[in-house]
Structures are given as C-alpha cells and as structure tokens.
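Colleague: Could you take me through a close look at one single part of this protein? I would also like to see how that part sits within the chain as a whole.

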Amino acid sequence: MGTAQRFEPEKLICAVLYTDAADADAAISQLKAAYGETDLVSEAYLFSEISPYYDGEMGGNVYRKLLSFSECRNPAELAAIKCFTNSIEQQTANAGNRHINLDPGFVSAGRLSLATTKNAGHRIPLSDGIYAELTLFYARQAWHPFPWTYMDFKLPQVHEFLTKSRKIYMQQRKSWLSTD
C-alpha cells in the first residue's frame with residue numbers, strides 16, 4: 001500500500017489576456033499583492049493573431065503575457081487561486097464582458113497544469129467548480145502538447161518562457177531538497 005506524501009511546491013504562473021495594458025497592470029498588481037513578486041514576465045504577444053475567440057467579449061485586439069511568481073506554492077491551492085483570479089476578472093467586467101482573463105497554473109519538473117472553470121473529459125475536478133488541466137508535459141528537454149493544448153501554448157516563445165520558469169523552479173527545488 002502506498003503512503004500519501006505532502007505535495008511538493010510548484011512554480012505559480014499566470015497567463016494574462018487583456019486589451020488594455022492599464023487593466024493588465026492593475027490585475028498584475030493584485031496578483032503580486034496576493035502571491036508575491038514575479039521572477040519572470042514575458043513580452044506580450046498578440047493573442048488575436050492566434051485566435052479571435054476573445055476579441056468580441058473583450059472589445060478589440062487581445063494580448064497575452066505570462067508571469068512567473070518567485071515563491072513556489074502547494075499545487076493544492078490551484079482551485080483557490082483560480083477563484084481569486086475570477087474575482088479580479090469580475091471586478092473589471094462591464095455588462096458581463098471581461099476586460100482581462102487570468103489563467104493561473106503551476107509549472108513543475110514535468111508538467112504545466114492550468115486551472116479552468118470549463119469541464120471536459122481531460123479535466124480533473126478540484127473544488128468550487130474549478131478543474132485542473134494538464135496542458136503540457138516536459139520530457140527530453142522540451143515541452144510537449146496534448147491534442148487539447150491551447151494553440152498559443154504550442155508557440156515557441158511560450159515554451160521559451162516556460163523553460164526559463166522551469167529552470168528557476170529547478171534551482172529552487174534543488175535548494176529545498178538539499179535542506180530536507
């Protein structure tokens with residue numbers, strides 16, 4: 001019989017979709033107040049070129065940037081973090097239309113998992129109506145997608161960001177494993 005172990009901390013990231021940089025900056029400030037400083041922030045890219053899915057709701061060209069937070073966290077917090085990011089989205093919404101979309105997740109040694117409110121066969125229920133999705137896996141020194149992986153999470157610049165975030169995480173992990 002196996003023995004349950006505590007979860008190893010993982011690297012919190014957040015993907016931020018926005019049309020207005022000021023809205024994004026305000027949301028990022030709230031995220032930093034809740035989860036601490038970032039250690040990595042990607043350049044923004046035009047999400048609308050990849051998919052126009054959010055253009056109507058968000059009222060224009062949509063951009064995405066990725067954040068990686070300095071402090072590693074218990075991955076069991078993912079549902080609570082997604083509930084918090086949903087509250088930030090609701091604060092800035094107008095007539096039910098979001099101006100920002102925040103997708104938190106965790107980078108570990110071997111995967112990127114993201115939180116979502118949308119149920120699907122490949123998503124695992126967590127709590128409070130939040131699901132976890134295994135979005136990418138890391139093997140042979142590269143990120144690999146699944147059939148359901150969002151198109152922009154297949155982009156080289158996203159993989160580059162995640163690789164840098166994973167490298168920071170692996171250094172952090174090495175330091176706490178050497179003290180256990």
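Modeller: Happy to! Accessible areas here come from the Shrake-Rupley method with a 1.4 Å probe, and for residues only the protein chains shown count as cover. On that basis the protein chain exposes about 9400 Å², with carbon and sulfur atoms supplying 53% of that area. Please keep in mind that this is a predicted model, in which local features need pLDDT of at least 70, side-chain atom pairs count only at pLDDT 80 or more, and totals for chains, interfaces and linings use all residues. Residues are numbered from 1 along each chain as its sequence is written, and side-chain values use heavy atoms, leaving out hydrogens and water.

Now to the part I picked, Pro156. This residue lies in helix H4, which covers residues 156-179; helices (H or I, at least four residues) and strands (E, at least two) are DSSP runs numbered from the N terminus. Pro156 counts as exposed because its relative accessibility is 63%, where exposed means over 50%, buried under 20% and partly exposed in between (1.4 Å probe, protein chains only). Ser51 is 105 residues away from Pro156 in sequence, and their C-alpha atoms are 16 Å apart in space.

Stepping back, the protein chain has four helices and nine strands, in the order β-α-β-β-α-β-α-β-β-β-β-β-α. Of its 180 residues, 43% are buried. The C-alpha atoms fill a box of roughly 50 × 35 × 35 Å along the principal axes.
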